[in-house]
Every structure is written in C-alpha cells, then in structure tokens.
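Subject: Structure handover

Hello,

Here is the structure I said I would pass on. My notes on it follow below.

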Amino acid sequence: MTYAGDITLQQAWERLEGDTDSVLVDVRTRAEWSFVGLPDLTSVGKEVVPIEWTTFPEGAVNQSFLEELRAQVPEDATVLFLCRSGARSVAAATTASQAGYGHAYNILEGFEGEHDAHGHRAVNGWKNSDLPWRQG
C-alpha cells in the first residue's frame with residue numbers, strides 16, 4: 001500500500017469529529033457534486049474540499065490535482081479522500097502520499113457505494129449510511 005490506509009465511513013466520520021486537522025477531500029466530478037450530492041460537515045464545523053480527480057465531461061486525470069490540493073490542504077493534515085465507490089480515492093491518496101502527504105487515507109465504500117441487485121447504488125456508502133449529506 002502506497003498511502004496511509006483504508007478507513008471505514010464510521011472511522012472517517014469519527015476523525016472528522018475528533019481531529020481538528022482532518023480534512024475531507026471529495027475527488028468526484030463537478031457533475032457528481034451537483035447532481036448526486038456532497039457530504040455535509042456543518043455539524044462538525046468543517047467544509048468538504050472538492051477537487052476533481054478526473055475532469056468532467058472528458059474523464060481525463062486532473063493535471064492540476066496536486067496544485068489544487070496544496071492550495072487548500074496542508075501537508076501535515078489528516079486527509080480523507082472520498083469518491084463514488086472507493087476507486088478514484090485510492091489513486092488520489094496514493095498521489096498525495098507520493099507528494100509528501102503523510103496521512104492520506106482512502107474512505108472505503110465512497111459516497112454512493114456498491115450496486116444492489118437492480119443496479120442502483122443503494123447498498124452502502126456515505127449517502128446510504130445515515131451520515132449527513134446534502135443534495136448539490
């Protein structure tokens with residue numbers, strides 16, 4: 001593993017509640033933030049840092065990812081990366097770790113989680129786990 005590790009949604013929430021230096025970075029696309037929603041961290045006095053890992057609609061890796069991350073998140077912060085299902089966030093955590101972020105974590109299950117038998121993302125994930133979120 002080339003990043004600090006994988007954490008569950010509950011572990012992520014507990015860190016956001018209890019660690020003043022923890023930051024949630026949502027690496028989904030602008031379209032996902034707008035149409036699907038975002039975690040709501042107002043109850044813990046924080047805001048989500050949205051930085052696309054891949055750009056929309058092109059789907060290309062965001063060449064400014066590290067520049068945007070450095071502009072918004074200090075290297076000594078505990079950085080919790082979130083995407084739709086937990087794949088892009090691994091890439092983001094790996095890249096951040098290689099760039100000097102010593103506490104970069106991937107949040108398992110992501111915002112929407114896995115598909116159910118009907119192809120809907122309704123099994124798990126932030127949105128389906130009673131964690132606070134808001135529609136974009």
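Two strands count as paired if DSSP finds at least two bridges between them. In this predicted model, V23 has V79 in β5 as its bridge partner. The strands β2 and β5 run parallel and are joined by five bridges.

β5 also has a partner in β6, residues 104-107; three bridges join these two strands, again in parallel. Here F81 stands opposite N106 of β6. Together with α4, the strands β5 and β6 form a right-handed β-α-β unit.

How many of the five residues of β5 are buried? Five of the five are, so the strand is largely enclosed by the rest of the structure. T78, L80 and L82 point one way from β5, while V79 and F81 point the other way.

Next, the cores. The largest nonpolar core has 19 residues, and those with the most contacts inside it are V25, V27, F65, L69, V73 and F81. At least two residues each come from β2 (22-26), α3 (65-72), β5 (78-82) and α4 (88-98). Of these, α4 gives the most, with three residues.

F81 is worth a separate entry. Leaving aside residues up to four places away in sequence, F81 touches V25, V27, F65 and L69, along with S89, A92, A93 and A96, and also A104, Y105, N106 and I107. Another core lies apart from the largest one; this other core has 18 residues, including L16, L80, F111 and L131.

Regards

Technical notes
Residues numbered from 1 in each chain as written. Predicted model: local features only at pLDDT ≥ 70, side-chain atom pairs only at ≥ 80, totals over all residues. Heavy atoms only, no water. Core = buried A, V, L, I, M, F, W, Y, C linked by side-chain atoms within 4.5 Å. Buried < 20%, exposed > 50% of the residue type's maximum accessible area, 1.4 Å probe, protein only. Helix = DSSP H or I, 4+ residues; strand = E, 2+ residues; numbered from the N terminus. Contact = heavy atoms within 4.5 Å. Right-handed = clockwise from strand over helix to strand, strands pointing away.
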